[in-house]
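Student: Can we go through the salt bridges in this one? I have the structure open.
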Amino acid sequence: MGLAGVRGNFFSWGDYNRDGYPDLLVNGRRLFKNSGPPSFSFMDVTSHAGIDRPVNSGTWGDYDNDGYLDIYCPAGRLSSDHPTHPDILWHNNGDGTFTDVTQAAGGVRDTYSSAAAAWCDYDRDGDLDLYVANYENASYVGYPDVFWINTGEGTFVNGTLQAGLSEEDDPLPGRGVAWGDFNGDFWPDLYVSNYRLKRNYLYQNLRGVSFVEVGLLSDAAGHPKERAGGLYYGHSVGACWGDYDNDGDLDLWVTNLAHKDIYRGPLCDDSMLLENPGVEGDYLFRDVRASSRIPVKRIPGALFGGDELFVGCAFGDVNSDGYLDLYLPQIYNDVDYAYSFLYLGRGDGTFVDVTEEAGVRVWDTYGAAFCDYDLDGDLDLITGGKGASSPDAPHEVHLFRNDGPTGNYLEVELRGRDSNSYAVGARIVVEAGGLTLLREVSSGGGSHGQQNDFVQHFGLGEYLGPLKITIHWPSGRVTHTEVARVNRRITLVEPSSTVDISVEEITLSDPYPLLGDTVTFTATVRNSGDASLNYLLVTAKFLGEVAYEEVTEEFSAGEVRQFNFTFEIPSTLSFVGNQTFTLSAETLLEDLREEDNTAAVKVPIRERNAPPEASLRANPQVVRVGEPVELDATGSRDDTPSLLYLFDFGDGNTTGWISESTVNHTYTLPGNHTAEVRVRDSDGVESEPAEVTITVLPSSGEGGRPTARIV
């Protein structure tokens, strides 16, 4: 296959030449081109590519969105005070060669020993940013990690402090970086695996502005053990995200090298299978390793099989039954039990060891990355190490082709437009009969930045379709696709459909509030375009205060939603009269008519509620019995226009409280009748009555002396 005798521990899959066949990067410095059919063999093109430099690993990512995968290589001698070799950013020239643009791109390197890196568009602005995990000096003191923000102009700036990721006060030795949206808000979060019995980081993404570290709060940092006043966790080397229980959220495997002697053993975390309970469980991870049937070695290791030496990890559905499986290599050359395991997921939260049956056992390696390199519909495995336990056995690359049997499948490749070109960070949900399968496109993970292929593989078991596919693109756009046929690879391109958000109406709970009142504004917002969204930021501003509401679930094309914002008007406000409430609705995508995204209303604030003044006129003021008279109270005044009127006609009849300011009345008895009106404002305050006297004459021919007419 062209890989015989090649040594390597860290592997990354990526189609660097865009010929449709995934190529292989080994240790960040050797590149092997996939020939494609019929042989799907690999040819060493390192010399032509020009990337043979002393580095530790390499991770693919198209940082400039030209469609060609670039490479970032963490470098520097590990556990050293003088790392010497610098990190490198290789730009893919599109002709099979690469150019070192580290300095030209903004000096994208540090002076530390760097162990791992991973790309992701943390702020969802359409280009990839980069997190670099740095290791330790010769005294085993950690070096601080660095976060590089892509400017979108081919350069990067050090955004570690800006993004809230600085650990200068207590840097920990990092060895693994894995991006994944653990809380389902469609903003990529970050897990960093730290060594030397230190806690791990889980950085929650605060909507692309910054991060907050929640590892301890979410029970994802490890299991603290106390000794001599210190807290100890695990020797974490890497981690990988995957929805192993198919419940719609990302779970996490964390690989720990766990010593099992009686002194160190009680301080060392075992590797952890962290189940994500989702929103119902407040995203508090539960370590379910004990119930997963992935055995945990006991202390003392001398009696119970030695240390647990897991270092690498990779999720993938190797038998295409719809449930993720897990590959776990171990290291150390001088122990015969440092071999790898392949655990098949059984669909009930447990796993079964099939390493021997699958023929994928190797010794002493970090290597673990899945890819369907021969495009036959099942996941193949790349790893390293030895093919036998003997200390003298050669270390070399092992490419295990998957020959089944496997179930049905679908493979999905994404191409971004408004999103980054490889849609890194996209979330794909496939509904397949009774299964709902979740994948996220990632660029780097496991230990030391190893990388599965960008093409996402979905095992379907016996299900033959149809399938419903929902994609939450990093841009915020949501698309739905139905696929009738399975057992094939499809490419889905992010559509350039129209986004048109408009604020249609704003209403107030009290249009004429007083100082000290609380007012609720209700805004009606419509998605008038033909693109669904998974992110919308609605911002309300009033009297110098700002309130936000975010839409992080699907906002469909044509959908209308209402948003409520409540503000209190200070009783000490120094100005009254018309004040402006403004509301804006913003998405991450270009909007067709941005002028419709913002609306404003004037709010007349009153210092106090003066009682209304009633006014009443009668027309005519002299009538006969049976003739109508109009009573008109439109001259009544108040500081609000919302008035109610109570007319008393002076003959025992009233209207009750009504909103009409004019009424007609007919009197049935002659005489002088005093009519009056009272006015009530929207706060319930009533006026004094206004009166008018109406003279009602008898109807003609009714009573009195006869009259003569001259004709």
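Student: Is R617 buried or exposed?
Tutor: R617 is exposed, at 53% relative accessible area (buried is under 20%, exposed over 50%, partly exposed in between, with a 1.4 Å probe and protein chains only). This is a predicted model, where local features need pLDDT of at least 70, side-chain atom pairs count only at pLDDT 80 or more, and totals for chains, interfaces and linings use all residues. Residues are numbered from 1 along each chain as its sequence is written, and side-chain values use heavy atoms, with hydrogens and water left out.
Student: Which side chain does R617 meet in a salt bridge?
Tutor: D632, at 3.0 Å from N to O. A salt bridge here is a side-chain nitrogen of Lys or Arg within 4 Å of a carboxyl oxygen of Asp or Glu.
Student: And D632, buried or exposed?
Tutor: D632 is buried, at 11%.
Student: How many salt bridges does that rule give?
Tutor: The count is 29.
Student: Which residues are linked in a network?
Tutor: Salt bridges link D181, R427 and E440. Between E440 and R427 the N to O distance is 2.9 Å. E440 lies in strand β33 (residues 435–440) and R427 in strand β32 (residues 427–432), so their pairing ties together parts 13 residues apart in sequence. Strands are DSSP runs of E, at least two residues, numbered from the N terminus. E440 is buried at 15%, and R427 is buried at 7%.

Methods:
Helices (H or I, at least four residues) and strands (E, at least two) are DSSP runs, numbered from the N terminus.
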